Amino acid sequence: SAVGNLVTDGQRVMAQKQGFNVDFAMTNNGGIRADLLVQEDRSITWGAAQNVQPFGNILQVVHMTGQQIENVLNEQYDEEGKYFLQLSGLTYQYTDTGDANQPYKVHQIRKTNGELLDPNASYLVVVNDFLFGGGDGFKTFTEATFEATMTQDTDTFIDYIKAQEADGKTIEAQIEGRKSYISPEQIKAEEEAAAIASIKAATVLPDIKEGI
């Protein structure tokens with residue numbers, strides 16, 4: 001959702017303002033309880049911001065491998081997909097599995113700069129303490145390594161809005177396709193096209209002599 005993007009973008013920005021070189025932020029869909037209501041004069045009240053994230057969960061900065069991130073994203077698609085993550089700093093594709101118990105799986109994860117996620121690399125991620133404890137069935141978060149504690153998610157969201165205002169920036173968000181579906185047929189076609197391109201790039205044609 002647009003407000004989910006706004007919340008997680010805010011968590012990532014505020015973590016960076018506190019000196020943490022975080023890559024990503026993730027929060028559970030159940031932790032976001034309302035859209036952000038804006039007044040007619042475009043002002044935002046404290047109550048409106050607090051209604052978006054009313055629980056006051058403590059944000060944690062944790063280390064996760066690329067493989068752990070892929071695993072936790074895949075955990076969205078069990079239990080009939082009723083629990084999912086809002087996220088910032090990455091985009092990914094998901095595709096069919098043919099398994100009724102877990103109908104989708106992650107296909108490809110990229111950072112916002114287009115770089116593929118390295119399954120063996122370590123990344124800094126902002127999550128709330130509910131997720132860090134494995135809440136909503138996201139058990140892979142319990143394997144993350146603790147780095148530091150931030151403030152409550154409610155306060156972080158409010159502070160982000162204040163920081164944007166202080167910098168003269170507009171508070172805005174939209175649905176951007178941070179998660180997108182790709183069919184198995186599309187994946188196969190892309191892989192075949194990449195293989196052909198690789199063969200062509202590796203083929204060195206002999207010099208053609210003039211007159212032959």
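## A walk through strands, edges and loops

Both faces of strand β1 are covered: Phe24, Met26 and Asn28 sit on one side, Ala25 and Thr27 on the other, and all of them are buried. Keep in mind that this is a predicted model. The strand spans residues 24-28, and five of its five residues are buried.

So who are the neighbours of β1? One is strand β6 (residues 122-128), which runs parallel to β1 and is joined to it by two bridges. Here Ala25 stands opposite Val126 of β6. Another is strand β3 (residues 85-88), which pairs with β1 in the antiparallel sense over four bridges. On that side, Met26 stands opposite Leu87 of β3.

Here are the strand pairings in one place:

| Strand pair | Sense | Bridges |
|---|---|---|
| β1 and β6 (residues 122-128) | parallel | two bridges |
| β1 and β3 (residues 85-88) | antiparallel | four bridges |
| β4 (residues 90-96) and β5 | antiparallel | seven bridges |

### The open sheet

Now for the sheet that holds β4 and β5. It is an open sheet of three strands in the order β5-β4-β8, and its pairing is mixed. Which strands stand at its edges? Those are β5 and β8 (179-181), each with a single partner strand, so one side of each is left without a neighbour in the sheet. On average, neighbouring strands of this sheet are turned by 25 degrees against each other, ignoring direction.

Helix α3 (residues 66-74) lies across β4 and β5, and it runs at about 135 degrees to β5.

### Lys111

Strand β5 covers residues 104-111, and Lys111 is part of it. Is Lys111 buried or exposed? With a relative accessible area of 19%, Lys111 counts as buried, because the cut-off for buried is under 20%. Leaving aside residues up to four places away in sequence, Lys111 touches Asp23, Phe24, Gly89, Leu90, Leu117 and Tyr123. Two of those names lead back to strands we have already met: Phe24 is on one side of β1, and Leu90 falls in β4, which takes in residues 90-96.

### Out in the loops

Next, a few loop residues. Arg42 lies in the loop between β1 and α2 (46-52). It is exposed, with a relative accessible area of 65%. Its backbone is worth a look as well: the phi of Arg42 is near 75 degrees, a positive value in a residue other than glycine.

Asp136 also has a positive phi, about 60 degrees, although it is not a glycine. You'll find Asp136 in the loop between α4 (129-132) and β7 (145-152).

Which residues does Tyr83 touch? Not counting residues up to four places away in sequence, they are Asn29, Gln76, Asp136 and Phe138. Tyr83 itself sits in the loop between α3 and β3, and it is partly exposed, with a relative accessible area of 27%. Tyr83 and Gly135 are 52 residues apart in sequence, while their C-alpha atoms are 9.8 Å apart in space.

Technical notes:
Residues numbered from 1 in each chain as written. Predicted model: local features only at pLDDT ≥ 70, side-chain atom pairs only at ≥ 80, totals over all residues. Heavy atoms only, no water. Buried < 20%, exposed > 50% of the residue type's maximum accessible area, 1.4 Å probe, protein only. Contact = heavy atoms within 4.5 Å. Pairing = 2+ DSSP bridges. Axes fitted to C-alpha atoms, helices over the stretch in contact; angles between N-to-C directions.
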